[in-house]
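Below are my comments on the model, arranged as numbered points. Please read them with the sequence and the coordinates open beside you.

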Amino acid sequence: MTGRGIARDGYRVLDLQGAEIGYATSGSPAPFLKKNIALVYVPPAFAAVGTDVRVEVRGQGVAAQIVATPFYKRPKV
């Protein structure tokens, strides 16, 4: 999530024009990243890394961006 909000299970994922393209399967704050994260299902056309999408949170489209997984790598000590 690049905007302020947390995607939760079942929230709709929208393209930039507002059309529904998928849904969230899970989401929560990630204190170690200082961001909110989510896993979503979207069609392959929208799955490219860097694609901007919106997640409908309480009726508002909140900005989000597709990132590569795994999105976190533990630092080697």
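Does K34 count as buried or exposed? K34 counts as exposed, because its relative accessibility is 78%, where exposed means over 50%, buried under 20% and partly exposed in between, with a 1.4 Å probe and protein chains only.

1. Basis of the note. This is a predicted model, in which local features need pLDDT of at least 70 and side-chain atom pairs count only at pLDDT 80 or more, while totals for chains, interfaces and linings use all residues. Residues are numbered from 1 along each chain as its sequence is written, and side-chain values use heavy atoms, with hydrogens and water left out.

2. Sheet. The model has an open sheet of 5 strands in the order β3-β2-β1-β4-β5, with antiparallel pairing; strands are DSSP runs of E with at least two residues, numbered from the N terminus, and two of them pair if DSSP finds at least two bridges between them. Because β3 (35-41) and β5 stand at the edges with a single partner strand each, one side of each is left without a neighbour in the sheet. Neighbouring strands of this sheet are turned by 45° against each other on average, direction ignored, the axes being lines fitted to C-alpha atoms and angles in general running from 0 to 180 degrees between N-to-C directions.

3. Pairing of β1. Strand β1, residues 12-14, is joined to β2 by 3 antiparallel bridges, and R12 stands opposite Y23 in β2. With β4, β1 pairs in the antiparallel sense over 2 bridges; here L14 stands opposite R54, and V13 has V55 as its bridge partner. The hairpin of β1 and β2 has 5 residues between the strands, and G18 in its turn has a positive phi of about 100°.

4. Hairpin of β2 and β3. These two strands pair in the antiparallel sense over 7 bridges, with A38 in β3 as the bridge partner of G27. There are 4 residues between the strands, and in this hairpin K34 takes a positive phi near 60°. As background for checking such values, most residues other than glycine have a negative phi.

5. Hairpin of β4 and β5. The antiparallel pairing of β4 and β5 runs over 6 bridges, and D52 stands opposite Q65 in β5. With 2 residues between the strands, this hairpin has R58 in its turn, with a positive phi of about 50°. R58 is a residue other than glycine, and it counts as exposed because its relative accessibility is 78%.

6. Core. The largest nonpolar core has 11 residues, namely M1, A7, V13, I21, A24, V53, V55, V57, V62, A64 and I66; such a core is a set of buried Ala, Val, Leu, Ile, Met, Phe, Trp, Tyr and Cys residues joined through side-chain atoms within 4.5 Å. At least two residues of this core come from each of β2 (20-30), β4 (52-57) and β5 (60-65), and β4 gives the most, with 3 residues.

7. Leaving aside neighbours within four places in sequence, V57 is in contact with I6, Y11 and V62, contact being heavy atoms within 4.5 Å.

8. About 540 Å³ of space lies in the largest pocket. On a 1 Å grid over the protein atoms alone, a pocket is an open set of points with protein on both sides within 12 Å along at least five of seven lines, and lining residues have an atom within 4 Å of a point; points are joined across faces, edges and corners, and the volume is the space filled by probe spheres set on them. Of the 19 residues that line the largest pocket, the closest to its centre are M1, A38, Q65, I66 and V67. The elements that give two or more residues to this lining are β3, β4 and β5, and β3 gives the most, with 6 residues.

9. A38. This residue is found in strand β3 and counts as partly exposed, because its relative accessibility is 34%. Leaving aside neighbours within four places in sequence, A38 is in contact with A7, S26 and G27. The C-alpha atoms of A38 and L16, 22 residues apart along the chain, are separated by 18 Å.

Notes. 1 Å grid on protein atoms, 1.4 Å probe; cavity = no way out; pocket = protein on both sides within 12 Å on 5 of 7 lines; lining within 4 Å.
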